[in-house]
Amino acid sequence: MTPSSTQDSPGYPCVRSLGRRGVRTIYGTKYGESTISSSRYCDETVELPVPDEDVAAYKDALLRVASRPDVCTIVPTNEYDAFVLSKFKSEFDPSVSLPVPSFETLGVVYDRMRLFAAAEAAGVPMPETMSFDEVTD
């Protein structure tokens, strides 16, 4: 299953790639109709609540889809999906693969100051970076 995003572009390559390989696809739309639903590679579409309106309802809808015997994985295609799947990973059936990092890792990646600190600690080259509080001009 591939939940939708605010734009169709991130989900379509995923659905198309899986569908071309004979994998049955379910597309989760949370913003109304989607052109992806019309694709020959999309086998089924399910309506999902809008996560920024009710994240608990969104998570519960994903859990219902994940509990289906024909669902093996949920592929996140945007930040909402990654955060919800990661934060509530323990609630999903262990037989459903969730290709998401830990919630802590996502927190580091999305917090630029923590990301730059982690990169510096790992010896990864990066541009000079300062927080707004450090700027004196």
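Predicted model: local features only at pLDDT ≥ 70, side-chain atom pairs only at ≥ 80, totals over all residues.
Of the 137 residues in the protein chain, 34% are buried, where buried means under 20% relative accessible area, exposed over 50%, and partly exposed in between, with a 1.4 Å probe and protein chains only. Residues are numbered from 1 along each chain as its sequence is written, and side-chain values use heavy atoms, with hydrogens and water left out.

Let me begin with the overall layout. The protein chain has five helices and three strands; helices are DSSP runs of H or I with at least four residues, strands are runs of E with at least two, and both are numbered from the N terminus. Along the sequence the pattern reads β-α-β-β-α-α-α-α. The C-alpha atoms fill a box of roughly 55 × 30 × 30 Å along the principal axes. Taking contacts between residues at least 6 apart in sequence, 46% join residues at least 24 apart, a contact being heavy atoms within 4.5 Å.

I turn now to helix packing. Two packed helices are described by the angle between their axes and the distance between the axes. The axes are lines fitted to C-alpha atoms, for helices over the stretch in contact, and angles run from 0 to 180 degrees between N-to-C directions.

Helix H2, residues 55-66, packs against helix H3, residues 79-87, at an angle of about 75 degrees, and their axes are 11 Å apart. H2 is therefore roughly perpendicular to H3; angles of 65 to 115 degrees count as such, under 35 as roughly parallel, over 145 as roughly antiparallel and the rest as oblique. H2 contributes Val-55, Tyr-58, Lys-59 and Leu-62 to the contact, and H3 contributes Asp-81, Val-84 and Leu-85. By class, this contact has five nonpolar, no polar and two charged residues. Here Ala, Val, Leu, Ile, Met, Phe, Trp, Tyr, Cys and Pro count as nonpolar, Asp, Glu, Lys and Arg as charged, and the others, Gly among them, as polar.

What angle do H4 and H5 make? Helix H5, residues 112-121, packs with H4 at about 100 degrees, with the axes 5 Å apart. These two helices are therefore also roughly perpendicular to each other. Glu-104, Gly-107, Val-108, Val-109 and Tyr-110 of H4 meet Arg-112, Arg-114, Leu-115 and Ala-118 of H5. The contact has five nonpolar, one polar and three charged residues.

Next, the aromatic residues. There are two aromatic pairs in the structure; rings of Phe, Tyr and Trp (its six-membered ring) pair if their centres lie within 6.5 Å, and planes under 30 degrees apart count as stacked, over 60 as edge-to-face and the rest as tilted. Phe-83 and Phe-103 are edge-to-face, at 5.8 Å centre to centre and 80 degrees between the planes. Phe-83 lies in H3 and Phe-103 in H4 (residues 103-110), 20 residues apart.

Phe-83 and Tyr-110 have ring centres 5.1 Å apart and planes at 55 degrees, so this pair is tilted. Tyr-110 is in H4, so the pair ties H3 to a part 27 residues away in sequence. Phe-83 is partly exposed at 25% relative accessibility, as are Phe-103 at 35% and Tyr-110 at 43%.

Finally, two lysines. The charged end of Lys-87 sits over the ring of Phe-103, 4.8 Å from its centre, and that of Lys-59 sits over the ring of Phe-88 at 4.9 Å. The criterion is NZ of Lys or CZ of Arg within 6 Å of the ring centre and within 35 degrees of the ring normal.
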